[in-house]
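Have the sequence and the 3D view open side by side and follow along.

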Amino acid sequence: MTRRAFRAAAFAAAIAALPLSVQAREFINVLTGGTSGVYYPMGAAISDIYAKNMEDARTQVQATKASVENLNLLQQGKGEIGFALGDSVEMAVAGDPEAGFTAPLDKLRAIAAIYPNYIQIVASKESGITTLEDLKGKRLSVGAAKSGTELNARAILEAAGMTYDDLEKVEYLPFAESVELMKNRQLDATLQSAGLGVASLKDLATSIPIQVVTVPEDVSAKLGAAYIPSVIPAGTYDGQDVDVPSVSVINILVTHEDVSDETAYQMTKLLYDNLDTLKAAHSAANDIDPAKATENLPLPLHPGAERYYREVGILQ
């Protein structure tokens with residue numbers, strides 16, 4: 001054996017003798033949403049939790065266009081865990097091309113149902129918009145094209161007997177950009193699907209007088225099972241003095257079948273072991289309830305997550 005070959009063989013033998021945790025670090029890419037929404041700060045907190053508590057884990061937070069993009073990336077194995085709205089997950093599993101899924105996404109698995117996204121339609125007082133009907137002929141931002149928020153916008157308008165054609169102008173913009181255009185009087189309203197107290201709308205409400213628009217009961221009754229009648233409590237935003245009826249959609253943390261059972265187990269366990277950290281990252285985490293984590297999921301649980309829920313008695 002030549003000296004070079006001998007060295008190579010010795011190096012390979014030394015690597016093989018190392019513990020697996022030293023040979024390869026676990027990589028976890030957390031797929032979130034725009035930086036002005038709730039997914040991003042929540043995802044950053046989750047990434048930090050995993051980095052600190054999973055031995056040899058290396059984590060990354062990726063800002064995305066949220067639900068639809070996250071689900072497609074997970075199907076492709078380009079992320080290990082991501083946030084998505086429940087109705088988007090339903091459409092992904094079914095393979096709804098109109099929603100941005102060219103085929104059924106069969107590799108997706110659930111980690112947990114977490115907190116609800118509230119459909120928050122906020123107009124400038126100056127626009128005169130006080131009802132959904134008043135949106136006709138107005139300028140509305142509906143979120144990034146084929147994002148979970150935009151799918152919510154389509155559903156709400158359809159249930160109210162409207163389409164985008166009824167609006168003067170439709171903008172497909174992330175939350176922060178929508179708010180900036182409203183401040184500059186280039187938009188009349190924005191529809192944002194997010195946890196309560198989302199930073200973008202807090203910013204808007206401290207900059208201009210706002211009107212939070214009701215989603216009435218007759219409209220919410222026409223929406224699918226993924227939509228839950230809810231209330232945006234008075235005082236959520238500056239100038240909002242009354243409770244505002246709306247609807248919410250549960251958020252789901254999603255992974256895929258190629259993530260190992262042990263990794264999925266650790267991701268699930270650490271989520272609930274560190275709820276205080278998530279609550280510190282954003283108040284929306286106050287609505288995370290482990291007892292409801294497996295309720296009404298539109299896709300199978302990952303076996304690693306299922307192991308955790310059985311271990312703690314949530315599943316029998």
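## Helix α3 and its buried residues

Let's begin with helix α3, where Y39, M42, G43, A45, I46, S47, I49 and Y50 are the buried residues. Please keep in mind that this is a predicted model. Buried here means a relative accessible area under 20%.

How far apart are the end C-alpha atoms of α3? They are 21 Å apart, and because 15 residues at 1.5 Å a residue should also span 21 Å, the two values agree.

## Where α3 meets α10

Helix α3 covers residues 39–53, and helix α10 covers residues 261–273. Their axes lie 10 Å apart, and the helices pack at an angle of about 110°. An angle of 65 to 115 degrees counts as roughly perpendicular, so that is how α3 and α10 stand to each other. The crossing of α3 past α10 is right-handed.

Which residues make this contact? From α3 come I46, I49, Y50 and N53, and they meet Q266, M267, L270 and L271 of α10. By type, the residues of this contact are six nonpolar and two polar, with no charged ones.

## The crossing of α4 and α5

Another helix pair to look at is α4 with α5. Helix α4 spans 67–75, and helix α5 is made of residues 86–94. The axes of the pair come within 10 Å and cross at roughly 40°, and α4 and α5 are therefore oblique to each other. Their crossing is right-handed.

On the α4 side the contact is made by S67, V68 and L71, and on the α5 side by S88, V89 and A92. These residues divide into four nonpolar and two polar, and no charged residue takes part.

Now step back to the loop between β2 (57–62) and α4, where you will find T64. Is T64 buried or exposed? It counts as buried, because its relative accessibility is 10%. Setting aside residues up to four places away in sequence, T64 touches L31, T32, G33, G34, E69, N70 and L73.

A66 is found in this loop between β2 and α4 as well. Its phi is positive, at about 80°, although A66 is not a glycine. A66 is buried too, because its relative accessible area is 15%.

## Another positive phi, at K146

For a further residue of this kind, go to the loop between β5 (139–141) and α6 (148–159), which holds K146. The phi of K146 is near 60°, a positive value in a residue other than glycine. With a relative accessible area of 36%, K146 is partly exposed.

The last stop is V242, placed in the loop between β9 (227–232) and β10 (244–256). Its relative accessible area is 52%, so V242 is exposed.

What does V242 touch, leaving aside its neighbours within four places in sequence? It is in contact with I232, P233 and A234.

Conventions: Residues are numbered from 1 along each chain as its sequence is written. This is a predicted model: local features need pLDDT of at least 70, side-chain atom pairs count only at pLDDT 80 or more; totals for chains, interfaces and linings use all residues. Side-chain values use heavy atoms; hydrogens and water are left out. Axes are lines fitted to C-alpha atoms, for helices over the stretch in contact, and angles run from 0 to 180 degrees between N-to-C directions. Helices (H or I, at least four residues) and strands (E, at least two) are DSSP runs, numbered from the N terminus. Angles under 35 degrees count as roughly parallel, over 145 as roughly antiparallel, 65 to 115 as roughly perpendicular and the rest as oblique. A crossing is left-handed if the near helix is turned anticlockwise from the far one by less than a right angle, and right-handed if clockwise. Contact means heavy atoms within 4.5 Å. Ala, Val, Leu, Ile, Met, Phe, Trp, Tyr, Cys and Pro count as nonpolar, Asp, Glu, Lys and Arg as charged, and the others, Gly among them, as polar. The expected span of a helix is 1.5 Å times one less than its number of residues. Buried means under 20% relative accessible area, exposed over 50%, partly exposed in between (1.4 Å probe, protein chains only).
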